[in-house]
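Trainee: Hi, could we go through this model together? I'd like to start with cavities and then move on to salt bridges.

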Amino acid sequence: MRERDVVVSGASIAGLSAAFWLRRLGWQVTVIERAPAFRDGGQNVDVRGVAREVLDRMGLFDEVKRQNTTETGTVVVDASGKVTAELPSDGPDGPDGATAELEVLRGDFARTIHDHLPPGVAFVYGDTIETATDGPESLHIVTSQGRELRCDLLVIAEGVRSATRARVFAADEVTQDDLDVTMVFGTIPRTAGDDDRWRWHNTTRGRQIHLRPDNHGTTRAILAYSPGDDLARRGRGDDLAGRGRGDALARVRDRYADAGWEAPRVLDAFDASDDVYIDQLTQIRMTTWHRGRTVLAGDAGWCVTPMGGGGASLALTSGYVLAAQLAAHPDDTEAALTAYEAWMRPLVDDVQGLPRGLKHFAYPQTRTGLALRHLAGKVLTSPPLKPLAAKLTQVAETKQTLPEIPQGAA
């Protein structure tokens, strides 16, 4: 059998997972990434459910665990910083809870996979796909830098706002559900008052402030609020720079002017930080994740957002399942991609189905709403209901058996 070629667009968790497993199966793998170099930045992600087994099959479980952020638990605090509730957790060595055993920074997680890729994976940085034309024998790809590639498969793993997805799939095939939540992420200096817990503060007008420890001597901060402002467009999302950055952060500062707690510290630090990222939470829903020789993986196909959780776990799992199904159907790409979708979709549907009223509970607008949320939080984290609350953090769980890569396929 001739050696097959795959182009993976996006050096995301999903893209790197697909590159890892397809190269292990003997495919020639080229990864195209629009950033000028590998991106190490990012906030907390975790590995849960079936993704833990995938990580173990990669031989990277212990390596990822060594990248733990040092976070030991999650607490809700009031305006003075006093703990009012503690979210259920099995502790830093447990698989579930708001803080779990494999709690790592996105950049550390991606770097670990990148550094353990099988030999032979080629990377092209600072480029994007301009056209992808399916022909009778192969897929013809032309990039913005003029490269021409022919391949047997294109994996689009570019994230929620994928440009290549828009070139392959019609607009009416992609549902983009704006959750009306704006989130601003950034790395800020650590202070003596920071500890090893995720500290979470809610205030009126639907505003949240989060501080989380990391393993690099800094603190990861998040400002999240609803109704949102769609600052991702104003500040250009992960390309936040120049005048767009200033306008976006000025809007955030106005929104948090009277938020209290650590808001002034976070706002001042964001002004000086070089890795601020703004996102307007948007779920992606599609009736199919493949067309011809093109397939979607990770957020490009089914972004679940931080409100759903488990995005990194689903992304990691998708790369393995895709490779396993291609190995199981070596002469029928359509059958392989259909089987990939059939296995992954129940996991995605489970996470995307957000509980009714979740946004109103998470982002109370008034003092009365805030008091009711505080009361509900106390009840949910009370000893009798802790097992129920803990189930809310369980994602990427499945009763399906993880498909095996056939012996001899690698």
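Trainee: How many cavities of 30 Å³ or more does the structure hold?

Mentor: One cavity of 30 Å³ or more is present. A cavity here is a set of points on a 1 Å grid over the protein atoms alone, where a 1.4 Å probe fits but cannot get out. Keep in mind that this is a predicted model, where local features need pLDDT of at least 70, side-chain atom pairs count only at pLDDT 80 or more, and totals for chains, interfaces and linings use all residues. Residues are numbered from 1 along each chain as its sequence is written, and side-chain values use heavy atoms, with hydrogens and water left out.

Trainee: And how much space lies in the largest cavity?

Mentor: About 40 Å³, where volume is the space filled by probe spheres set on the points, which are joined across faces, edges and corners.

Trainee: Which residues line the largest cavity?

Mentor: The lining is made of Leu 223, Leu 249, Val 252, Arg 253, Leu 267, Phe 270 and Asp 271; lining residues have an atom within 4 Å of a point. Helix H7 (242-255) and helix H8 (263-272) each give at least two of the lining residues; helices are DSSP runs of H or I with at least four residues, strands are E runs of at least two, and both are numbered from the N terminus.

Trainee: New topic: how many salt bridges are there?

Mentor: The structure has 27, each being a side-chain nitrogen of Lys or Arg within 4 Å of a carboxyl oxygen of Asp or Glu.

Trainee: How far apart are the closest N and O atoms of Glu 173 and Arg 291?

Mentor: They are 2.5 Å apart in that salt bridge. Glu 173 lies in the loop between helix H5 (163-168) and strand E12 (174-189) and Arg 291 in strand E17 (residues 290-291), so the pair ties together parts 118 residues apart in sequence.

Trainee: Is Glu 173 buried or exposed?

Mentor: Glu 173 is buried at 19% relative accessible area, while Arg 291 is partly exposed at 34% (buried is under 20%, exposed over 50%, partly exposed in between, with a 1.4 Å probe and protein chains only).

Trainee: What about Arg 57, which residue does it pair with?

Mentor: Arg 57 forms a salt bridge with Glu 53, with the closest N and O atoms 2.6 Å apart. The two are four residues apart in helix H2 (residues 50-58), so about one helical turn separates them.

Terms used
1 Å grid on protein atoms, 1.4 Å probe; cavity = no way out; pocket = protein on both sides within 12 Å on 5 of 7 lines; lining within 4 Å.
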